[in-house]
Amino acid sequence: MSILSKDRTIAPPGYSRWLIPPAALCIHLCIGQVYAFSVFNLPMTKLLGISQSTPDDWQLTDLGWIFSIAIFFLGASAAVLGRWVEEGGPRRAMFTAALCFGGGFLVAALGVSVHALWIVYLGYGVIGGVGLGLGYISPVSTLIKWFPDRPGMATGMAIMGFGGAAFIASPLSVWLMGRFTTPTHIGVAETFVVLGVIYFVFMMVGAFIVRVPSPGWKPEGWVAPAQAKKLVTTNNVFVYEALKTPQFWLIWWVLCLNVTAGIGVLGQASAMSQEMFPGRVTAVAAAGFVGLMSLFNMAGRFFWASTSDYIGRKNTYFCFFVLGAILYAFVPTTGNIGSITLFVLSFLIIISMYGGGFATVPAYLRDMFGTRYVGAIHGMLITAWSAAGIFGPVIVNYMRQYQIDHGVAKADAYNTTMYVMAVLLIVGFVCNFFIQAVDKRHHMTREAELQAEREGAAA
Amino acid sequence: MAQQSSGNGLKLTLAWLFVGIPLTWGVIQTCINALLLFK
C-alpha cells in the first residue's frame, strides 16, 4: 500500500519536527497499556461464577501468562522485525502495530466470550505482543533523525509515554468494566472491544502524523559538530554487524543490569514497604507509594534522557550505577533507623533511573552505531529487557524466601537483596566503563550504504 | 510563509492536546489516589 511506504512519508517543506513526538506518543501511550493489564486478572477469575470463582473459572496463575507471553513477543518481534521496521519506514510499522495491538484485543475479547483461554493467549499475548514490539521501536529512529541535536530528549519523550500509559489505561479499564458489568455478567469482553477500537484509532492518528525528514535535512541553525566527539560516531554500522561488536553486548548488559535492579523492586514495592515498616505502612499507603513510583518511573524517562544530551550517555549511566548502588546499599539503613521518608525518597530516585535507563539507551546506540539502523539495533537490544524481566523478580522473590526460610525476620529479609542489587549495579558500572567507540572495520562503506538504501526502497 | 507557520501552529496545538489531555488526566488521577492514600 503506497500510502504507507517510506517515500510517501517524506516531510514536505515547512513541516514542524515537533509533530513527531506527539505521533510517537500516540503509539507509546497505547502500547504501554500492557503495564496495566493486571486490572483484568481478578475479574477474569470470576467470568463464570460472577460473584466468586468457580472450579471452571480461570486461575490467577494461568492468567499471569497473558502478560508474560505479551512481553516475550514484544522482545521477539522487536528483535526479529527491527530491520523490516527500519527499511519500511515508521508509518508502515505504526499501522501494522495498530492492527496487531487493536486486533489482539478483539481476538482476546472473543476468547473471553467463549471462555477459551488459549484464544486470549493468542490474541493479547501473541498478536498484541507483536504489536507491542513493532510499536515500541517504530518511532525511535525517526525521532533520532529529526532531533540530531537532542536525540535523548526526543526518544525520552516517546518512551516516557510507554511509562505513563498505565495511568490512563488503569482507570479507563476499571471504568469501562463498571459500565459493562451487570449482576449476571462481567464486562471484560466488551471492555476489550472498546479498548481495541480506541487504541487502534489513537495509534492510526500517530501513523498518519508521522513523517521522515527529507534526505540531508538538518534543524534550522544547527550545524553538526566539526570535530566528531570520541563516543559519538558520524558513521553507520549495519544491523547484524552491530552484533559482532563488543559495544553492543556491553550496552546489552548495561541495560539488562540496570533494568534487573529496578524491575525486581518495582513488582515488590508494596509488600516490601509493608514488611520493612510493619504496622507503620498500611496496604493503602503502600498502594499510594506504588503510584508515586510509577510517576517517577515516567518522569525519569524524560529527565534522564534529556540530561544525557548534555552530560553524555556514558556519564548518564555512570550516574545510574553509582547513585543506584549507593541508594540500594542505603535502603537497609532506612529500615534500621525507621525512616519511611528516606526509604520512599531512595526508591523514587532508584525508579527514576530505572525508567531513565530505558529512555537513554536508543541515543546511546545512535552514538555508537549511527542513525541508519538504530531502530533495528534497538529492537535486538530489547532482549536485554526480556532477560531482566526474568532475573529481577526471581532474585528478589527467591532471596527473600531463602532469608525467611533461614529464620531472618520479615523486616530484614530484603537487606541481602538490596546489597545484591547494589553489586549488580557495580557490575553494570564496569560494563559501562569498558564501552569505547566502535572500531572502524565495522563501519558501513559508502557502497554498502547505497546498496542498503536500494534494498530498502525495493522493500 | 506566515500562513504556513500559523497552519503548523494549529496542527502542533491539536497534536499535543490529543496526547497531552489523556496523559494529564491519567497523571492527575494517580496523584489524587496517591495523596488520598497517604492521608
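User: Two residues are in contact if their C-beta atoms, placed from the backbone, lie within 7 Å. Which residues does A:R211 touch, not counting those up to four places away in sequence?
Analyst: This is a predicted model. A:R211 sits in the loop between α8 and α9 (239-242) of chain A. Leaving out residues up to four places away in sequence, the partners of A:R211 are A:T9, A:I10, A:A11 and A:Y15.

User: Is A:R211 buried or exposed?
Analyst: Count the C-beta atoms around the residue. A residue needs 20 or more others within 10 Å to be buried. A:R211 has 22 within that distance, so A:R211 is buried.

User: How far is the C-alpha atom of A:R211 from that of A:P139?
Analyst: Along the chain, A:R211 and A:P139 are 72 residues apart.

User: What radius of gyration does chain A have, and does the value agree or disagree with a compact globule?
Analyst: Chain A folds as 18 helices and zero strands. Its C-alpha atoms fill a box of roughly 65 × 50 × 35 Å along the principal axes. With 459 residues, a compact globule would have a radius of gyration near 23 Å, so chain A agrees, at 23 Å.

User: Which helix supplies the largest share of the side of chain A that touches chain B?
Analyst: Here 22 residues of chain A are in contact with 19 residues of chain B. Helices α1 (20-31), α7 (151-180), α8 (188-209) and α12 (283-311) of chain A each supply at least two residues of that side. By class, it has 16 nonpolar, six polar and no charged residues. The largest share, eight residues, comes from α12(A).

User: How is α12(A) set against α13(A): roughly parallel, roughly perpendicular or oblique?
Analyst: The contact joins A:W304, A:T307, A:S308 and A:I311 in α12(A) to A:R313, A:N315 and A:T316 in α13(A). The two helices pack at about 125°, with their axes 7 Å apart. Roughly perpendicular stops at 115 degrees and roughly antiparallel starts over 145. That makes α12(A) oblique to α13(A).

User: What is the phi of A:I50?
Analyst: Most residues other than glycine have a negative phi. A:I50 lies in the loop between α2 (41-44) and α3 (60-88) of chain A. A:I50 is not glycine, and its phi is positive, near 65°.

User: Is A:H115 buried, partly exposed or exposed?
Analyst: A:H115 is in the loop between α4 (90-113) and α5 (117-137) of chain A. Its phi is positive, about 55°, although it is not a glycine. With 15 C-beta neighbours inside 10 Å, A:H115 counts as partly exposed.

Conventions
Residues are numbered from 1 along each chain as its sequence is written. Chains are lettered from A and ligands numbered from 1 in the order in which they are written. This is a predicted model: local features need pLDDT of at least 70, side-chain atom pairs count only at pLDDT 80 or more; totals for chains, interfaces and linings use all residues. Helices (H or I, at least four residues) and strands (E, at least two) are DSSP runs, numbered from the N terminus. Ala, Val, Leu, Ile, Met, Phe, Trp, Tyr, Cys and Pro count as nonpolar, Asp, Glu, Lys and Arg as charged, and the others, Gly among them, as polar. The radius of gyration is taken over C-alpha atoms; the globule rule is 2.2 Å times the number of residues to the power 0.38. Axes are lines fitted to C-alpha atoms, for helices over the stretch in contact, and angles run from 0 to 180 degrees between N-to-C directions. Angles under 35 degrees count as roughly parallel, over 145 as roughly antiparallel, 65 to 115 as roughly perpendicular and the rest as oblique. A residue is buried if 20 or more other C-beta atoms lie within 10 Å of its own, exposed if 12 or fewer, and partly exposed in between; C-beta atoms are placed from the backbone.
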